[in-house]
Amino acid sequence: MKSITRQKPFAEVQQLLEELDRAFIIGCGTCATMTRTGGKDEVLEMKERLQELGKVITGWTVVPTACDEMTEVALRENGAALRDAGCILVMACALGVHRVGIYVDRPVIPALDTLFIGVEDGPGHFHEVCAQCGQCVVGETAGLCPIALCHKGLVNGPCGGTNNGKCEVDPEKDCAWTLIYQRLAKQGRLDLMRKYYPPRNFQVVPRPRGVKLVSQETQL
Amino acid sequence: MTRSLREALNSGKFVVTSEIGPPKGTNIEKMLHHIDLLKDKVDGLNVTDHQSSVMRFPSLGGCLFIKERGGEPILQMTCRDRNRLALQAELLLAHTRGIRNVLCLTGDAVPVGDHKEAKGVFDLDSVQLLRAIRLLESGKDLGGNNLDGAVDFCAGAIVTPEAQPIEPQLIKFAKKVEAGAEFFQTQAIYDLDNFAKFMRYARQFPVKVLAGIVLLVSPRMAKYMNDNVPGIFVPQNLIDELSSVPKEEALKKGIEIAGRMIAALRRDSLCDGVHIMAIGREEVVPDILAAAGLLPQEGKKEG
């Protein structure tokens with residue numbers, strides 16, 4: 001599982017830093033490195049571009065996994081440079097941005113947009129396979145999620161916009177229901193596609209979502 | 001037209017429905033003109049619901065005008081713009097205003113339209129909407145609550161007989177029937193042999209099928225639809241036929257082709273009727289009906 005990100009247009013980063021002339025940059029050694037949006041190379045490139053604009057970069061680091069608690073240690077090691085900065089520019093996904101925000105009292109500015117949780121199909125090719133809807137349906141859809149893979153998130157089969165196995169929103173995109181149909185046909189399980197699926201539950205875990213693990217003793 | 005669509009569908013006659021495209025704006029003159037022109041010539045008039053995800057005057061609004069002017073409205077309802085609360089509420093309103101026909105669609109995707117950054121809702125899909133109607137008829141809503149006054153609708157759906165692959169569409173067709181669809185209006189068909197094949201499948205089910213007839217106005221439009229509209233396939237011989245006449249006569253040729261197809265469908269009892277879509281050319285629908293031999297002879301009208 002990877003958090004797939006895209007760099008914000010530089011003009012937007014520039015606008016977010018308008019009043020902030022001294023920045024510390026944090027990259028992430030995991031997902032953002034893999035997507036080449038917030039690894040060491042991208043952090044150094046950002047540093048140079050901001051310096052060209054006359055910004056002072058008080059320091060930078062690429063933490064191993066920005067979203068986990070070890071980030072606190074990495075930030076402590078850079079205490080002086082952080083204190084010297086007016087803001088922290090985070091080149092990690094939103095989870096990393098959130099984590100950094102817990103530990104610093106400076107403004108935390110995201111340099112990336114978090115797009116989806118996805119997988120890498122091939123070098124440089126990422127796509128969404130799970131929309132984290134909280135009610136997994138793939139047991140009846142041949143392992144392919146129509147919530148994530150169908151543009152409309154349909155659960156009762158394809159719409160009329162499907163065209164030769166492609167989607168009406170983008171001829172490059174596969175129609176999820178054609179794929180599901182083909183797999184179910186191969187498995188001899190087309191009856192699952194004939195079954196009616198009721199309206200989805202959008203309140204499996206009401207937003208803002210959170211869960212608390214309950215220990216066995218408490219449950220008893 | 002005093003007879004309801006359901007009565008027409010069950011009468012055994014060849015049923016004709018057509019559609020009204022509502023305006024983008026508040027100038028309703030043209031829409032009202034089209035309603036007045038067609039209301040007594042067809043068994044029902046659909047009003048499209050932000051067709052192709054282009055924001056327009058609402059379907060329900062158009063249906064209210066049809067009702068007011070003595071026509072038989074067919075409310076097109078997509079699931080793209082309203083969640084289950086809004087859809088149910090609109091059905092309650094429609095029922096109290098005498099609208100008795102609903103065509104349930106999932107709806108085109110938002111990015112194909114003119115508000116590309118809008119949120120697509122799709123809280124329900126077409127099958128679930130059909131079931132919701134049947135549930136509201138039983139006096140309950142989707143939340144499991146009792147209604148103070150239930151609805152009653154002749155519910156329909158759509159199907160794309162020329163989709164590739166066709167099997168997933170046929171499965172969904174059966175699901176829509178099971179969910180309560182009484183009639184189907186199909187996506188445009190041009191290949192009658194292929195349509196006959198589809199009808200052999202559809203005839204197993206207790207539903208009425210109205211073949212979709214989209215008026216061809218030029219060879220360019222036919223090619224455009226082939227390239228851009230999922231599930232529409234205009235065969236080359238029809239494109240050639242449209243090209244065989246001077247440009248200014250292409251519309252006349254298109255009317256002739258539509259009339260000829262309708263007459264053939266009727267002659268061979270291939271289906272229960274037709275749904276004529278003259279997208280933007282509603283004023284020629286009477287000409288199509290005449291070309292199909294479906295209008296009473298001129299001069300005998302008063303009788």
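Buried residues (under 20% relative accessible area with a 1.4 Å probe, protein chains only) make up 55% of the 303 residues in chain B. This is a predicted model, where local features need pLDDT of at least 70 and side-chain atom pairs count only at pLDDT 80 or more, while totals for chains, interfaces and linings use all residues. Residues are numbered from 1 along each chain as its sequence is written, and chains are lettered from A in the order in which they are written.

On to the fold. Chain B has 11 helices and 8 strands, counted as DSSP runs (H or I, at least four residues, for helices; E, at least two, for strands). Its radius of gyration, taken over C-alpha atoms, is 19 Å, close to the 19 Å from the globule rule (2.2 Å times the number of residues to the power 0.38), so chain B is as compact as a globular protein of that length. Take contacts (heavy atoms within 4.5 Å) between residues at least 6 apart in sequence: 75% of these join residues at least 24 apart.

| Chain B | Value |
|---|---|
| C-alpha trace span along principal axes | about 60 × 50 × 40 Å |
| Accessible surface (Shrake-Rupley, 1.4 Å probe) | about 13100 Å² |

Now the partner. The contact takes 26 residues from chain B and 28 from chain A. The two chains bury about 2300 Å² between them, 59% of it on carbon and sulfur atoms; that is accessible area (1.4 Å probe) lost on being put together, summed over both. On the chain B side, Ile171(B), Lys175(B) and Pro230(B) lose the most area to chain A, together 23% of what that side buries.

Methods
Side-chain values use heavy atoms; hydrogens and water are left out. Buried means under 20% relative accessible area, exposed over 50%, partly exposed in between (1.4 Å probe, protein chains only).
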